Amino acid sequence: MSQERDREVNRERRRFIGAAAGAVAGSAGGAGALAMGALASSAAGDADAAARTDPVTDRHRWGMFVDTSKCADGCTACVDACDQENGLNLQSEPHGDDEAKWQNQRAVWIRKVKLRDQATGHVTNLPLMCQHCEHPPCVDVCPTGASFKRADGIVMVDRHTCIGCRYCMMACPYKARSFIHEQVDQKLTRAPRGMGCVESCNLCAHRLDTGDISTACADACAAENHHAIVFGDLKDPTSPVRQAMAKQTSRQIREDLELNTGVRYAGI
Amino acid sequence: MAKADFEVPVLKQYPEIPEIEPGIMAHASPYKSKEEFQSPLGFPGALVDDWQDQAIDKMGELLGRYRSLRVYLDSCVKCGSCTDKCHYYLGTHDPKNMPVGRQDLMRKVYRRYFTLAGKYFPKLVGAEDFTEEVLADWYSYFHQCSQCRRCSVFCPYGIDTAEISMAAREIMDHIGVGQKYCNEIIGKVYKIGNNLGLPGPALEDTLEGLEEDVYDETGVEVKYPLDKEGAEVLLITPSADFFAEPHVDGLIGYGKVFHEAGLSWTLSSYASEAANFGMFIGSYENMRRVALRIREAAIKLGVKRIVFGECGHAWRVAYSFLNTLAGPWDFLDQRYPIPQHICELTYDLIQRGKLNLDKSRNDDMVLTYHDSCNVSRASRMGDRPGGQFDIPRAIIRASCNNFYDMDEDTIRDRTFCCGGGGGLLTDDLMEVRVKGAQPRVEALNNVIQEKGVTHMAAICAICKSQFTKVLPYYGMDMDQIVSVHQLVSNALVLTGQTTDEDDVEAADEAA
Amino acid sequence: AGSAIVQATGVGDFVVDSSKAAGLENCVEPTEYMRRNHMEVIRHQRDTTVYGGIRSTKHSLAGCVECHVGYDAQHKPVGIDGDGQFCAACHDYAAVKLNCFDCHATVPQGEAWNQVRATEHESLLPGVEEQAD
Amino acid sequence: MSFLSTIYAYLFYFAAFVLVAGLAAKVVQYARAPAPLKIPTTPAPTTRSGVVFRLTREVVFFESLFRGNKWIWIFGWIFHFGLFLVTLRHLRYFIDPVWAPIQFIQPFGIYGGIAMVVGLAGLWARRFLVDRVRYITSLSDHLILALLITIGLSGLAMQFLAHTDVIRVKEFFQGLYVGQVMTLPADPLLLLHLLLVAGLMIIFPYSKLLHMPGLFFSPSRNQVDNPRERRHVAGWARRLEQQQ
Amino acid sequence: MSKRIVYREWLIQPERYWGLLAILAAVIAIGGAAALYMEHEGHWVTGMTNSVVWGLPHVFAVFLIVAASGALNVASIGTVFNKPSYKPLGRLSGLLAAGLLVGGLLVLVLDLGRPDRLLVAMTTYNFSSIFAWNIFLYTGFLAITIGYLWTMAERKGNYLQRPVGIFAFLWRLALTTGTGSIFGFLVGRSAYDTAVLAPMFVVMSFAYGLAIYMLVLMTSFEWDGRPIGPKILKRLKDLLGLFVGAVLYFTLIYHLTNLYGAKHADFESFLLLDGGLYTLMFWGGWVLVGGLLPLGIIYHPRLSKDRNWIATACALVIAGGLAAMYVVIIGSQAFPLEMFPGKTVLAFGAPGDIGGAVAPYTPSLPELLLGIGGVAVAMLIVSVGIRVLQFLPESLSDREMDGLAEPA
Ligand code: HEM
Ligand code: HEM
Ligand code: SF4
Ligand code: SF4
Ligand code: SF4
Ligand code: SF4
Ligand code: SF4
Ligand code: SF4
């Protein structure tokens, strides 16, 4: 059933994907080969453009730019897309749990935040997910090293070594992380999930690793024609995200903590 | 300090586990028994010709008779837990005095003749033929065991070296290698009725003397009856109580207690001995023969209860074995424990407020208590486990104001033997006795130094004799050892007794 | 079903008949080797994937599942950790706890981006012909 | 079915026979030897259930040993508890389907294996280091320790270094139940492990390993302290009474 | 010859002893069942959420761990600061410390999302994490405490007592500082973002540890009929008074620094004025029950001489300590993260997801049972320890203590 749902999403995707297409053009052959189930051949030189055979490196740092002025009131496309992509919609409320508590217990990787300026009364909308800090407090505090920062800047949880201590959740200033409070029956192959571990947005790492430079949330936002989220390589001056940041001043949430986040916002 | 032709151990503040000094005590063995002492017990008078075969046969017989022996010889894993628990090892440093070392003297023979491994790979499992040297070792070291069972407490399988010593002595007796001291004494019991060979008239004399003493002291006519038929209680007490110090003070105490309780009681000249050395030589038959005298006396005197005086191993035989050896006791009053310990009786009276004890009369003493090993580890008092520790202490606390226990590791079921039990209370084993007393005396010395203890109470005739003899070697006084019932005796204010003040008052009134 | 599978002898005991593996000669490594060391193999793959981002299918757990998963009469895949199914049959027999499937999908479902979705995604890219769904 | 498998199959039949028959013979011998006198080491329980409680404490905690010597206790207990866990874990080779508690115990069995080896190492060390224990140690004491430690190490090596085909091992032993010789994986570690285990089974009824049944038959531990209340007379003692 | 201190096993009646063990075992079993339930169902059965991620178990665990460190203080005073009259108290202090620590750690471990991965926690470390260091600090503490006990009990090791004692003392400070720092390093959270937290934890540990120690000491002596002289009792309660006073002092400093750092003023007003339950817990529990009342008893001319009142003071300190931990750990999680200064949060994710508002948290029964189970574990360890080993001096009467005060 969920496979069918995947397909539907894909069909929708075709309408909008053009924008990102350029970035992945070089990978087409490789991706195709992979789809046939053959072994990945080493994509010479730039491994990013195909399923990789070499470990990720720090030649890239993935990040996002969010233009809050484009983020529409009432829209939740990015949240829904992330839920679909990462199987979060497959979570089910445990029988007997309190509804309000459940909202606070279920895993959320990205959330829609709505703010009002106390001085001007101006209302701002923005998507909030893991900020992929360069100096992530969650990684600093994790006792086992399960929280880690990949060489390409993605902060993730190795759920094979996470012991579920939740210290990272205490440390994260953005409330970006979720603990899996309940047993998970349904899961996707690309997004394993189980009780007792902590997880958060991983910038759709499975996409990046297989050669696609896109995230579900950014795609979805673009599909809705809002284009509030721009994803890309923060180290590459030609990347869309850098170009967008060059046009507008952007800030980090809680800049005072000097975490050098990978997700930047304009208009807050 | 008494003179010794051997080195008396030094007392330390903290106990130390010595390094082993193999063979250092091989020379110390008791005088061998002679024909005249052997035959009354049914043993050959001298080493028989085919002693080896006979010994092995006897061993086989005992293995079939005693599960303890069988299991103990198989089960030891040489863990070493018992190695530093025997007071003879601690005092002599001879590894064959480590309980397991002692057992191994028999175990190696057992393995050689009774196990597959020992038959075919003797070297591998340390099995050995029963040679003359081995027999010599047996004779020395199985007579350096007071059968105190301290090792058994700490052994994970409860292996009781006392059982093995007893079996070894039994085997040796059967091939004509007996110990003079024990066997002579058992002979005396058979002939006269007690260990010391005191004939009836002598006992009567002593008891009359006691009655006079007590009357002089208290002005109350306390009776010490002998062979009184129809008495309620038959008191069986070690013969040492009739004349040795401090034993006799205990006997005085029993009499006063009976008097206060209003119990009619008697001693028996036929069964005038509580001790049963049959146990020491591991001879069921002899032990039974001695025990049956009590049965006969009880029937003859028509008593309703049997009470035992202060004697450790006697109480073991009485408490644990008497019912087996000389029972059933269906002709006695079943409302009372059969047999009963004098401490149980006294304690009961104290509980019921029947004794008027003036603790201050013992204020010249600061006391500690020596748990005699046979009482603590092989018998019980009262109706709950551990009563043998609590009841005597309760009696002491009820009779005096100053009481301190010695170190916990050296009392209750971990108590150290006085060093003279198990048939070693003979002058030919003086070295063993003095050295073996070291751990106990060390603990005693500590409370003397720290708590100002002056006296040690005990409820065992052997302990009392041993300490009076051994304490001087350590620079202490022989009269620092007292009977528990001596304390009771001191503190007990008899009904109608004239105290010093009373005397004055009485004189005033008379005037 | 478990016991029937379990009683057989020889290599390939546990391979479920309806699985893709049933028709193949060998596992991803020599089968004898896999019988003894598959846990090391996937454990190594796990770290490579999580930390290095390498998602090759050769040793991947998703790969194991895809090849070894059995199908029922309706050609629906049956959870690989189900009774008598490949992983479970063997692990139950040997009483080895398998908690991978607390998290991992037991049937191929929503594979990684490359395996199902990339096919469609790719068709959107310039110069690639659209493929049928 | 290889030659080696056949040899091992017969070896295990033989070892199992020796173990069971030898142990049974010993237990019968112990059970039939009378205990004529009451000799429990006091303070002993005065009831049967008290005795069960006491023996349980001895078996589970090694209470007496604890009071006797803390070092021996620590190592001895670690070893035995480890051995116990390992044994439970090993049941998976011998029962099918595996009972739930045995399934549950599996991961602990591995720690048990490590603990067992650590305990044995400590026990062995003291046989060299403590002069009193050195004195009472004979060659066989060393050999048994060596045997157990080698079994443990070869097992751990299979767990951590060179895996064996556990499934075949189980099939082999399952086959033995029905008289069928299945192929045993020819991994050297496994063969060593099993060879030594067979050795252990064979010597069990003839060595100090008898301490295991011995504990339960030890009169100073298993008797009820009630001689005054109940007359206790052994068979031969009664005959002696009747003779007179 | 210096005077020996004679220690004895706890010799209370077997019925009483086994009864106590049975009760403790039952409590532990219930706690274990609660933990099993939580692990089996998942944490949704607790009151914890993605906002309040550490609940009641952490309150108990941190309290026990902190108290463990403080309990060892008594031994330190004896050996490190060479106060002879504290020497006989040392062994119990070590045992209690070990017991409390084990109890606390057990609760901590059983509250993990994946306690089955304990081995992972023990073998893979991230050394930039205070928590990882704490694992070393805790296990190290246990090892050192056991070693320390050994030096106190085994005469061959006596000469090491002082160096090991000093080492243990320093380790202990590190441990409490480390525990405090678990919170102190959470820069994102206003409540914790202050350096005073670490020293405050140190004095808290002294107070709680001593209070528990005194209760255990008095109870075990009472049951066994052993004497405690008024002198030693006065010493201990005066020390308790000092520590409780210090806790109050640091509490004041803590709030002053928070108020001074203007950005935390919101949090302060939450805690001190309008935090509802948390405000109540702070004033009523932390300050009044845990501070002022016990101080009142301890310095009261008459009550301070009565054993029962001293015990009451100890109990109050413990109760106050739990309240303090509740405020520190849960109160500060309930208070929302401040991400957008100058802005009001209108919505934060799906309805019901707490962002700008105070997060609700109601402790659930299993959490409480787990926490109490941890306390019972600590008490079980202590009861068994003093029963089978010689931890308790046979007497602490004044006569006994006077002998010790003389220079050795
Ligand atoms: C009811 C079961 C058992 C109990 C209560 C028990 C108890 C003990 C105890 C208390 C010791 C002495 C302490 C020590 O040296 O470790 C010991 C030693 C030993 N046990 Fe056991 N045991 C049991 C079963 C076994 C079994 C099944 C084996 C072997 C497979 C075994 C092998 C050993 C060995 C080899 C030693 C001697 C260790 C040494 O040489 O130092 N035990 N046992
Ligand atoms: C016929 C009986 C036995 C068989 C078939 C057997 C077989 C095995 C096998 C196959 C392993 C490897 C487990 C793995 O790789 O996961 C193993 C491990 C081990 N074995 Fe045995 N074994 C036997 C008896 C014993 C005995 C009697 C002992 C101890 C005295 C022992 C001690 C160990 C230990 C310590 C390990 C490592 C820890 C573990 O994996 O449980 N084994 N055994
Ligand atoms: S999809 Fe785009 S516009 Fe819609 S909520 Fe997300 S970021 Fe805003
Ligand atoms: S936003 Fe939170 S979870 Fe993400 S990297 Fe930063 S601290 Fe870690
Ligand atoms: S919950 Fe997992 S990822 Fe987070 S700190 Fe603990 S171990 Fe690390
Ligand atoms: S990047 Fe991917 S994982 Fe992260 S929020 Fe967007 S969709 Fe979710
Ligand atoms: S019974 Fe007593 S004397 Fe004999 S070996 Fe044991 S401890 Fe030593
Ligand atoms: S304690 Fe027992 S098993 Fe250990 S060596 Fe001594 S007799 Fe043998």
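A salt bridge is counted when a side-chain nitrogen of Lys or Arg lies within 4 Å of a carboxyl oxygen of Asp or Glu. Five salt bridges cross the interface of chain D and chain B by this rule. In one of them, the side chains of Asp225(D) and Arg380(B) meet at 3.0 Å, N to O.

The model is predicted: local features need pLDDT of at least 70, side-chain atom pairs count only at pLDDT 80 or more, and totals for chains, interfaces and linings use all residues. Residues are numbered from 1 along each chain as its sequence is written, chains are lettered from A and ligands numbered from 1 in the order in which they are written, and side-chain values use heavy atoms, without hydrogens and water.

Chain D brings 62 residues to the contact and chain B brings 80 residues (contact: heavy atoms within 4.5 Å). About 5600 Å² is buried between the two chains, 56% of it from carbon and sulfur atoms. Buried area is the accessible area (1.4 Å probe) that two parts lose on being put together, summed over both. Arg67(D), Arg132(D) and Arg228(D) supply 15% of the area that chain D buries against chain B, more than any other three residues.

Ligand 6 is surrounded by residues of chain A, among them Met64(A), Trp109(A), Asn202(A) and Cys217(A) (each with a heavy atom within 4 Å of the ligand). The shell has nine nonpolar residues, three polar and no charged. Here Ala, Val, Leu, Ile, Met, Phe, Trp, Tyr, Cys and Pro count as nonpolar, Asp, Glu, Lys and Arg as charged, and the others, Gly among them, as polar.
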